[in-house]
Amino acid sequence: MGLLVEHINKTFGQFQAIKDLSMEVSEGALFGFLGANGAGKTTTMRMILDIIRPDTGQIQWNGQEVRNVSRHSWGYLPEERGLYPKMAVEEQLLFLARLHGLSKQDAKKELDEWLERFQINANRKKKVEELSKGNQQKVQFLATILHNPDILIMDEPFSGLDPVNATVLKEAFLEMHRRGKTIIFSTHQLEQVEEMCEDVVIINKGQSVVQGNVREIKRQHGRNIARLKLDNDPQVAWLDTLPGIQVTKRRQDYIEMQIQSDLNPNLIVEAALSRGGAVSRFELVEPSLTDIFIEHVGTSGLPDAADLVSAPGGRE
């Protein structure tokens, strides 16, 4: 059992945002929901939460239409954030937890534990607007999970976080996963999805273009990517002259290339040795999720390096 999305469609005026989208998320899964800006991720999340409803198709949680599932079962972290900036952290989180049915005593106990864990206990009396972006995001996360929901829907939860705070939040994700929570999250930081998730779906223009087990997807998209390092020739300029090979990266520690499926990879090593090359590294590697994303969606959905640390998330 778990979340079942079947053939949903959603149109706004003349624009069809979602087109015959289906996906399945097992109960207790940590699931990556990927796509470029404007692909339809936020619209789909809002339909899963029954904030808006699909024109056609159905969405169920454990066999029950989501419109009939208790609101206390859901935790939602929206991309645009939903905190009251002039309200104190502790007051706000206790208020939201009480709205979701927790007693004051239980809410206070959970809050104390998480504030300590996130190392923001000293900020509990501060207004949200007085906090750094990273600490605001931690508070937003606590607002999502404090009432102990069964399903967490998180839209760009790592947006704007520096590497330290991103690691703290990732550890919190894994803790909730160990507690058996079902977690669906979108992000542009695909290396985190690759590290954390077993299953993903990639959508483009409201349609699913890739979905399934991460390992299986990478295996199916194997494109014979090879990495080579010659100690006496770091740039290996002659690789560009070999037929059936396209150099994709030149780094100090290796050269990465894509080789045709019918080309024997050993020919690359033989060519290097025949030229007197000192081969210290040669390996065939699977494509990353980033490679697969670019193949199906292009580069428009990927942020530049600065975005990964400081910029707000993409727009839907």
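What covers the buried residues of α8? The cover includes β11 (225-230), β12 (245-250), β13 (255-259) and β14 (279-285), where contact means heavy atoms within 4.5 Å. The model is predicted: local features need pLDDT of at least 70, side-chain atom pairs count only at pLDDT 80 or more, and totals for chains, interfaces and linings use all residues. Residues are numbered from 1 along each chain as its sequence is written, and side-chain values use heavy atoms, with hydrogens and water left out.

Helices (H or I, at least four residues) and strands (E, at least two) are DSSP runs, numbered from the N terminus. In helix α8 (residues 266-274), the buried residues are Ile 268, Val 269, Ala 271 and Ala 272. These residues lie on the same side of α8, because they cover an arc of only 160 degrees around the axis. The arc is that of the directions from the helix axis to the C-beta atoms. Leu 273 and Ser 274, on the other side of α8, are exposed. Buried denotes under 20% relative accessible area, exposed over 50%, and partly exposed in between (1.4 Å probe, protein chains only).

Helix α9 (residues 289-297) has Leu 289, Ile 292, Phe 293 and Val 297 buried. Their arc around the axis is only 105 degrees, which puts them on the same side of α9. The elements against which the buried residues of α9 pack are β3 (30-35), α6 (190-196), β9 (199-204), β10 (207-213) and α7 (214-220). Just after α9, a positive phi of about 95 degrees is found at Gly 298.

Strand β2 (residues 15-26) contains Ile 18, which is buried with a relative accessible area of 0%. Beyond neighbours within four places in sequence, the contacts of Ile 18 include Ile 8, Thr 43, Met 47 and Gly 206. The C-alpha atoms of Ile 18 and Ala 39 are 8.4 Å apart, with the two residues 21 residues apart along the chain.

Glu 156 lies in the loop between β7 (151-155) and α5 (163-178). Glu 156 is buried and has no salt bridge, with the nearest side chain of opposite charge, Lys 41, 4.8 Å away. A salt bridge requires a side-chain nitrogen of Lys or Arg within 4 Å of a carboxyl oxygen of Asp or Glu; Lys and Arg count as positive and Asp and Glu as negative, while His and the chain ends are not counted.
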